[in-house]
Amino acid sequence: MASGKRKEMVLLAARAGRYREYAPPPTLRRHFSRLWSHALHIGPPAMVAIVPDGYCDLLWIDGRLVVAGPDRTAAFPVIQPGATVTGARFAPGAAAPWLKTPLSELVGCSVPLADIGRKDTAEFEARLANCPDPSAAMALFGRLLEGTGCDAEEPARDAAMIFAAADSGRPPSGLLDRLGMSERQLRRRCHHHFGYGAKTLERIRRFQRFLDLCRKSGTMPLARLALEAGFADQPHMTREVGELSTLTPAVILDQLGVRKRGD
């Protein structure tokens, strides 16, 4: 875990700039759950933490298309102040077939899309490089992705069910029966579509529930946050949040709480 001094220096990505999400057009919704942009603040560089969320993203950053694989713990990429990152978040079960790559091979990695073997990457990058501003790049980014939709394989429905179960905080006891899988098959499917097993996915989605609660409340006691998010107790939350983000729950609440939204 990070030292106390480092914890004070680290900023969650949401606090390091202006982050916006957009609903994808109907033709993309099978494959992408969100389009987004993140404009970093201009000023001294900060240590920005990208925390795990169970997703895989396609990014347009520094003149390249990059696949940001799923993370198990926080990543600390070097991003220039003032830069704008454009992204598309794959829907659960859509990334592996679209990329034709198991996500277990991309855990904790940022890989140029060209290295994965998409033949249209150079053309996409050349067209995006000619965009005059980030708004135009976002619009073109979406149109280029729409053009690939007709050739992309269908997302895996069982992966969407597994993700929904982990996201609910109350995974149904009959999930294996509903999926018609053994525990070993479930593990293989999770590693293929999420990069890690079901238990790790559950931990990460519980952590994301904690973040959502922090965004909605700047005054809720930490013990209450722990119970609402689905942790066994406050020490469990402190341990899990620290392992996944390097930060304490109190620091995260201070960064994301409603009293900070006007900044």
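How many residues does helix 8 have, and how far does this helix reach from its first C-alpha to its last? In this predicted model, helix 8 (residues 183-194) has 12 residues and reaches 16 Å between those two atoms, close to the 16 Å expected at 1.5 Å a residue.

**View 1. Buried and exposed sides of helix 8.** Leu 186, Cys 190, His 193 and Phe 194 are the residues shown as buried in helix 8, and because they cover an arc of only 85° around the axis, they lie on the same side of the helix. Arg 184, Arg 187 and Arg 188, on the other side of helix 8, are exposed. The cover over the buried residues of helix 8 includes helix 2 (95-99), helix 6 (157-168), helix 7 (175-179) and helix 9 (198-216). Just after helix 8 comes Gly 195, which takes a positive phi of about 95°.

**View 2. Helix 9 and the elements that cover its buried residues.** The end C-alpha atoms of helix 9 are 27 Å apart, which agrees with the 27 Å that its 19 residues should span at 1.5 Å a residue. Among the buried residues of helix 9 are Leu 201, Ile 204, Phe 207, Phe 210 and Leu 213, and the list also includes Arg 205, Arg 206 and Arg 209. What covers the buried residues of this helix includes helix 6, helix 8, helix 10 (222-229), helix 11 (234-245) and helix 12 (249-256).

View 3. When residues up to four places away in sequence are not counted, Leu 225 touches Phe 210, Leu 213, Cys 214, Met 220, Met 237 and Leu 253. In soluble globular proteins, nonpolar side chains tend to be buried together.

**View 4. The aromatic pair of Tyr 55 and Phe 163.** The count of aromatic pairs comes to 7, and the one formed by Tyr 55 and Phe 163 is tilted, with 5.0 Å from centre to centre and 45° between the planes. Tyr 55 lies in the loop between strand 4 (47-49) and strand 5 (57-61), whereas Phe 163 lies in helix 6, so the pair ties together parts that are 108 residues apart in sequence. Both Tyr 55 and Phe 163 are buried, and Arg 89 lies over the face of Tyr 55, at 5.7 Å from the ring centre.

**View 5. The ring cluster that includes Trp 98.** Phe 32, Phe 90 and Trp 98 are linked into a cluster by ring pairs. Over the ring of Trp 98 sits the charged end of Arg 118, 4.0 Å from the ring's centre.

**View 6. Thr 121 and its contacts.** Thr 121 is found in helix 4 (residues 121-129), and it counts as buried because its relative accessibility is 1%. With its neighbours within four places in sequence left aside, Thr 121 is in contact with Leu 65, Leu 113 and Ala 114.

Key
Residues numbered from 1 in each chain as written. Predicted model: local features only at pLDDT ≥ 70, side-chain atom pairs only at ≥ 80, totals over all residues. Heavy atoms only, no water. Helix = DSSP H or I, 4+ residues; strand = E, 2+ residues; numbered from the N terminus. Expected span 1.5 Å × (residues − 1). Buried < 20%, exposed > 50% of the residue type's maximum accessible area, 1.4 Å probe, protein only. Arc of directions from axis to C-beta. Contact = heavy atoms within 4.5 Å. Phe/Tyr/Trp six-rings, centres within 6.5 Å; stacked < 30°, edge-to-face > 60°. Lys NZ or Arg CZ within 6 Å of the ring centre and 35° of its normal.
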